[in-house]
Amino acid sequence: MQPYNEIIMDTSPLNIKLKFQTKTSGYSPLHWHDALEILYPLNGESDISIEGVTHHQKNKELLVVESKKIHRAYHYGGSAMFLCIHISKESLEWYLPKITHHEIFCCPDMVTDANFPKYFELCGFLKRITELYINDSPTFMLEAEGLILQTVAKLIQNFSTDSAPLLGETDKLAMNRIRSILSYVEEHYSEAVSLQDAADLLGVGKEHFCRYFKKNMGTSFLQYVNEVRASHIYQDLIHTDDPVQVLMEKNGFTNQKLFNRIFKSLYGCTPSQIRKS
C-alpha cells in the first residue's frame, strides 16, 4: 500500500471505487487494472503514457485509461491531488449489455474543437463531484454515483469506438500472463528477481520470455523490475530519512552505478537532489 494513497470511499454496490489521492511528484511504473479508470487532477501536471503513447494532462482536465491498458505516469512539481474513479464495465452490463464492446479514448490532447463542448461537460461532472465532497453533502455518494454514470454514458456516446468482437481465448491468456508477471514483480522486487524466475513462472525458456515481455510491455523485463525498485526508493526518499545505500538494499538494488543511471533517467535528478527539494 502506498502511504500517499487515501481511500475515501469503499467500492459501491455498482462496483464503483471513488477516491481522492495525493501523489508526490515522480514516476509510476507500468501497470494495468481490470477497471476503467477516470482521472481528474485538482492541481499539478502529469504525463500519462498509455500503451506507448504519451498524453499531457493539466489540472482540471479529464483523462480516461481503458480497462486492461498498460500505462505509466510521471507527475511534475510538488504533491498533486487527483479524483480517481475505478468502475467495472462488466457491472454495468444490465444497463448496456454490450458495454464491454465499447473502447473509450478520451485524453485532453485528443479533444478537437468539434467535441470540446462535450469534453467540457464531462469535466463539469467531475468538478461537481469534487464540490459535493468539499461541501460534505449528506447525499454525496448518491449524487456522485449519478454523475459518474452520466460520465460513463457520455464517454460511450461521444468518445468510444466499437471494439467487438470480444477478446479471444489467446488474448485473454496473454493478459492473464502479463498480470501474473506484474503481480510477481510487485511482491518480489526487493529480492534477487531473475529472468529465470520470471520465465519459470510462465513455464517457458528465458529467450522466449524476453521476447514475450518486450512485445507486450514495450520494455525489457529487467528494466521494468529496476523501474519498480526505483519508484519505491523515490517514495522512501521523501517519507524516510534512511541513507540511500540502505534504501537501495531494502528495495533490491545491488549495483550503485546501475541504480544511479536508472534513477537519473526516470526522475532527471539524483537522490540527494530529491532530498534537498
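View 1. Phe263 counts as buried at 0% relative accessibility, and Tyr267 counts as buried at 6%, the term meaning under 20% relative accessible area, with exposed over 50% and partly exposed in between (1.4 Å probe, protein chains only). This is a predicted model, in which local features need pLDDT of at least 70 and side-chain atom pairs count only at pLDDT 80 or more, while totals for chains, interfaces and linings use all residues. Residues are numbered from 1 along each chain as its sequence is written, and side-chain values use heavy atoms, with hydrogens and water left out.

**View 2. Phe253 and Phe259 form an edge-to-face aromatic pair**. The structure holds 15 aromatic pairs, and in the one shown here the rings of Phe253 and Phe259 are 5.2 Å apart, centre to centre, with 65° between the planes. Both Phe253 and Phe259 are buried. One aromatic cluster is formed by Tyr74, Tyr76, Tyr234, Phe253, Phe259, Phe263 and Tyr267.

**View 3. Helix 6 and helix 8 are in contact**. The axes of helix 6 (residues 221-239) and helix 8 (residues 256-267) come within 10 Å and cross at roughly 75°; axes are lines fitted to C-alpha atoms, for helices over the stretch in contact, and angles run from 0 to 180 degrees between N-to-C directions. Helix 6 and helix 8 are therefore roughly perpendicular to each other, since angles under 35 degrees count as roughly parallel, over 145 as roughly antiparallel, 65 to 115 as roughly perpendicular and the rest as oblique. From helix 6 the contact (heavy atoms within 4.5 Å) includes Gln223, Ala230 and Tyr234, and from helix 8 it includes Phe259, Phe263 and Tyr267. The residues of this contact divide into 10 nonpolar, three polar and one charged, where Ala, Val, Leu, Ile, Met, Phe, Trp, Tyr, Cys and Pro count as nonpolar, Asp, Glu, Lys and Arg as charged, and the others, Gly among them, as polar.

**View 4. Glu227 and Tyr224 are buried residues of helix 6**. Glu227 has a relative accessible area of 5%, and its side chain is joined to that of Arg72 by a polar contact of 3.4 Å; such a contact is a pair of N or O atoms within 3.5 Å, and within protein one must be able to donate a hydrogen and the other to accept it, while residues adjacent in sequence count only if both atoms are side-chain atoms. Not counting residues up to four places away in sequence, Glu227 touches Tyr27, Pro29, Arg72 and Leu266. Tyr224 has a relative accessible area of 4% and, with that sequence limit, touches Pro29, Leu30, Leu182, Val185, Phe213, Met217 and Thr219.

Conventions:
Helix = DSSP H or I, 4+ residues; strand = E, 2+ residues; numbered from the N terminus. Phe/Tyr/Trp six-rings, centres within 6.5 Å; stacked < 30°, edge-to-face > 60°.
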